[in-house]
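Please look over the structure first, and then read on.

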Amino acid sequence: QVQLVESGGGLVQAGGSLRLSCVASGFTFSTYSMGWFRQAPGKEREFVAAISWTGDTTYYADSAKGRFAISRDNAKNTMYLQMNKLKPEDTALYYCATTLIATMKGGYWGQGTQVTVSS
């Protein structure tokens, strides 16, 4: 069955960095566009970044531009999100998902990894 497992979250001070990973199984990872989404307490889940199935094209929410970098390694069935210059408002549960680029909507979802940024 489809599985997406996120890791790499944690507690970090403002200005710090984290690298999230998402390991996929149960489907042909290399043929799917993928994305990262996040949900903060009391807020709706929002798009963060996405990457085409080849890895050639990336997309970012305005809040992520210039600070976050999405990448993937199809040989390892893994996607990454490098997050730099973290802010307290980045605190959220971060999810990876297969993503339809035309709509930036997720299809299959992981369980999420918590990122907490202290001020």
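Q: What makes Phe27, Phe29, Tyr32 and Tyr108 a cluster?
A: Ring pairs link Phe27, Phe29, Tyr32 and Tyr108 into this cluster, where rings of Phe, Tyr and Trp (its six-membered ring) pair if their centres lie within 6.5 Å, and planes under 30 degrees apart count as stacked, over 60 as edge-to-face and the rest as tilted. By this rule there are 6 aromatic pairs. This is a predicted model, in which local features need pLDDT of at least 70 and side-chain atom pairs count only at pLDDT 80 or more, while totals for chains, interfaces and linings use all residues. Residues are numbered from 1 along each chain as its sequence is written, and side-chain values use heavy atoms, with hydrogens and water left out.

Q: Why is the pair of phenylalanine 37 and phenylalanine 47 called edge-to-face?
A: The ring centres of phenylalanine 37 and phenylalanine 47 are 5.9 Å apart and their planes stand at 70 degrees, so the pair is edge-to-face. Phenylalanine 37 belongs to strand S4 (residues 34-39) and phenylalanine 47 to strand S5 (residues 46-51), so the pair ties together parts that are 10 residues apart in sequence; strands (E, at least two residues) are DSSP runs, numbered from the N terminus. Both phenylalanine 37 and phenylalanine 47 are buried, a word that stands for under 20% relative accessible area (1.4 Å probe, protein chains only), with exposed over 50% and partly exposed in between.

Q: How do you know that arginine 45 sits over the ring of tyrosine 95?
A: The charged end of arginine 45 is 4.9 Å from the centre of the tyrosine 95 ring, and a charge sits over a ring if NZ of Lys or CZ of Arg is within 6 Å of the ring centre and within 35 degrees of the ring normal. Arginine 72 likewise lies over the face of phenylalanine 29, at 4.3 Å from the ring centre.

Q: What makes the link of cysteine 22 to cysteine 96 a disulfide?
A: The S to S distance between cysteine 22 and cysteine 96 is 2.1 Å, and a disulfide is a pair of cysteine sulfur atoms within 2.5 Å. A search of the whole structure finds 1 disulfide. Cysteine 22 lies in strand S3 (residues 18-25) and cysteine 96 in strand S9 (residues 92-100), so the pair ties together parts that are 74 residues apart in sequence. Cysteine 22 and cysteine 96 are both buried.

Note on methods
Helices (H or I, at least four residues) and strands (E, at least two) are DSSP runs, numbered from the N terminus.
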